[in-house]
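I opened the notebook to look up how this chain folds and what its side chains do. The entries follow in the order in which I checked things.

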Amino acid sequence: MNPSCGRCGRVVYPTEKVNCLDKYWHKGCFSCEICKMTLNMKNYKGFEKRPYCNAHYPKTNFTCVADTPENLRLKQQSKMQSQVQYKEEFEKNKGKGFSVVADTPEMQRIKKTQDHISNIKYHEEFEKTRAGGETPSPQPNSPNPVFQSHQPAASQHYNYEPAAAPEPVRQVAAAPPPSSGKRYQAVYDYAAADEDEVGFLEGDVIVDAQVIDEGWMYGRVERTGQQGMLPANYVEAI
């Protein structure tokens, strides 16, 4: 059985049937509720299952709520409930002694930088300690430890007897520990923009360089002795 039209109520045959808004319409009856302009499936707008044109489509307006005594009471009650919940959470976390820090990309970069700095300082201290342990310690009541350390070896191998009053030999300073990282040379000038960064000039040599993440590395400027973060695209390997 053929359905009836949603506007005129007459039977709608398949050749003139329009199925829209959960109803069946004659093509001529599918028109705007206000201006009666004939609509189609591309230009209609539905509101409460009735077709409208774009110009007469009902616009939704915001509803203003009056500040009645009941609404004010509910507002005050919601505010007090929020404060009670906040105090309860504060009391629960007060004795734990920690605060939640958001794990942002910037915090991850700072944490990774601090870990690399700690590792580099540990290796530097280890190299200094090892280099200091290889240096012969001076004997008590000895004016010249280096001369005395070499004197027995010379007497043993060459049967050399030292003179009565030999001239003192200047002690040679221990060589600095070798660089554990790669060496780079600056191709541009760079001014430090943050506390953990280091500035340099074109041509400066960067030693103990280690790549931290994409675009950044940690190293020490050989000319100034300063160390910190520096951009990787300002230097090149040598």
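Entry 1, burial. I call a residue buried when its relative accessible area is under 20%, exposed when that area is over 50%, and partly exposed in between. The model I am reading is predicted. On this scale, 19% of the 238 residues of the protein chain count as buried.

I found three helices and nine strands in the protein chain. Read from the N terminus on, the order is β-β-β-β-α-α-α-β-β-β-β-β. I also looked up contacts in the protein chain with a separation of 6 or more, and 36% of them join residues 24 or more positions apart.

Strand β1, residues 17-20, pairs with β2 in the antiparallel sense, over four bridges. C20 stands opposite K23 in β2. Two residues lie between the strands of this hairpin, and L21 in the turn has a positive phi of about 55 degrees. D22 is in the loop between β1 and β2. This residue has a positive phi of about 60 degrees although it is not a glycine. I noted this because most residues other than glycine have a negative phi. D22 is exposed, with a relative accessible area of 66%.

D208 is not a glycine either, and it has a positive phi of about 55 degrees. I found D208 in strand β6. Is D208 buried or exposed? It is buried, at a relative accessible area of 10%.

How many disulfides does a search of the whole structure find? It finds zero. I then looked at two cysteines in turn. For C29, the closest cysteine sulfur belongs to C8, at 3.8 Å, which is too far for a bond. For C32, the closest one is in C53, at 3.6 Å, again too far for a bond. The cut-off I needed for this step is 2.5 Å between the sulfur atoms. C29 counts as buried at 16% relative accessibility, and C32 counts as buried at 0%.

Entry 6, aromatic pairs. I counted seven aromatic pairs in the structure. One of them joins F30 and Y44 edge-to-face, with 5.6 Å centre to centre and 65 degrees between the planes. Both F30 and Y44 lie in the loop between β2 (23-26) and β3 (45-47), 14 residues apart. F30 is buried at 1% relative accessibility, whereas Y44 is partly exposed at 24%. F47 and Y52 form an aromatic pair that is also edge-to-face, at 6.4 Å centre to centre and 70 degrees between the planes. Here F47 is partly exposed, with 28% relative accessibility, and Y52 is buried, with 12%. Elsewhere, ring pairs link Y188, Y190, F200 and Y234 into a cluster.

The charged end of K45 sits over the ring of Y57, at 5.5 Å from the ring centre. R109 lies over the face of W216, and the distance to that ring centre is 5.7 Å.

The bridge partner of W216 in β8 is P231. The hairpin of these two strands has five residues between them, and G225 takes a positive phi near 80 degrees. Why is β8 largely enclosed by the rest of the structure? Four of the five residues of β8 (residues 227-231) are buried, so I wrote it down as largely enclosed.

The largest nonpolar core has eleven residues, including Y184, V198, F200, M217, V221 and L230. Strands β5 (182-186), β6 (205-213) and β7 each supply at least two residues of this core. Apart from it lies another core, of nine residues, among them C20, W25, C32 and C53. I also listed what V198 touches, not counting residues up to four places away in sequence. The list includes Y190, V221 and L230, along with Q226, Q227, G228 and M229.

Methods: Residues numbered from 1 in each chain as written. Heavy atoms only, no water. Phe/Tyr/Trp six-rings, centres within 6.5 Å; stacked < 30°, edge-to-face > 60°. Buried < 20%, exposed > 50% of the residue type's maximum accessible area, 1.4 Å probe, protein only. Lys NZ or Arg CZ within 6 Å of the ring centre and 35° of its normal. Pairing = 2+ DSSP bridges. Core = buried A, V, L, I, M, F, W, Y, C linked by side-chain atoms within 4.5 Å. Contact = heavy atoms within 4.5 Å.
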